[in-house]
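Please look through the sequence and the structure shown below.

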Amino acid sequence: MITVKKLLDTKSNQEIWAVRPGQMVIEALEVMAEANIGAVLVMDGDRLVGIFSERDYARKGIIYGRKAQKTPVAEIMKAETYPVSPEMDIEDCMELLADKPTRHLPVVAEGRVIGLLSIGDIVTTLVNDQTVLIEHLEHYISH
Ligand SMILES: NC(=O)c1ccc[n+]([C@@H]2O[C@H](COP(=O)([O-])OP(=O)(O)OC[C@H]3O[C@@H](n4cnc5c(N)ncnc54)[C@H](O)[C@@H]3O)[C@@H](O)[C@H]2O)c1
């Protein structure tokens, strides 16, 4: 079993990218472009209040004439998030991602956000894990 914590520890960059709900969408897009990521957490102090992704801007922003310079993140972010715990099995995270309208899962421990996992993190890890298992089985069969 691979836990959320184990996967989080392997991330090359441990920084959590976040914006405040009152910041303008353009600032969130700038953070995403600079960090080369697809979503930012929306934090009101230590409190997680939502998540804002490129998809949110594509679907709810510009096509409704909401200008990135004049629209607060809170207006088009997703307020519903799907937090996971450090102990959770990443196979269960994959199920959650398949089931819910999100590509990013905040990791929360004792009420505090300690990281974020994307669908890419989870799929890559599960595929690598399966590949190692297959190699072991092939080795076992051929020896
Ligand atoms: N090789 C790998 O291990 C790996 C891991 C993840 C993604 N990817 C690739 O990157 C591309 C996009 O990935 P994606 O769709 O999963 O999402 P993404 O672009 O949002 O995430 C890319 C990476 O940034 C991290 N990240 C994203 N938002 C973050 C935030 N707010 N705070 C801290 N970290 C944050 C994710 O955990 C992930 O590791 C895809 O092509 C995917 O295959 C590769």
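Which residues form a negative surface patch? The patch is formed by Glu91, Asp92, Glu95, Asp99 and Asp129. The model is predicted, local features need pLDDT of at least 70, side-chain atom pairs count only at pLDDT 80 or more, and totals for chains, interfaces and linings use all residues. Residues are numbered from 1 along each chain as its sequence is written, and side-chain values use heavy atoms, without hydrogens and water.

Patch residues have over 30% relative accessible area and no salt bridge, with like charges joined within 9 Å and nonpolar side chains (Val, Leu, Ile, Met, Phe, Trp, Tyr) within 5 Å. Areas are from the Shrake-Rupley method with a 1.4 Å probe, and for residues only the protein chains shown count as cover. A salt bridge is a side-chain nitrogen of Lys or Arg within 4 Å of a carboxyl oxygen of Asp or Glu. Asp and Glu count as negative, Lys and Arg as positive, and His and the chain ends are not counted. A charge is placed at NZ of Lys, CZ of Arg, CG of Asp or CD of Glu.

Helix H5 (residues 90-99) gives the most to the negative patch, four residues; helices (H or I, at least four residues) and strands (E, at least two) are DSSP runs numbered from the N terminus. Asp99 lies in helix H5 and counts as exposed because its relative accessibility is 59%; exposed means over 50%, buried under 20%, partly exposed in between (1.4 Å probe, protein chains only).

Leu133, Leu137, Tyr140 and Ile141 make a nonpolar surface patch of about 490 Å². Ile141 is in helix H6 (residues 119-142) and is exposed, at 70% relative accessible area.

Ser53, in strand E3 (residues 47-53), is buried, at 13%.
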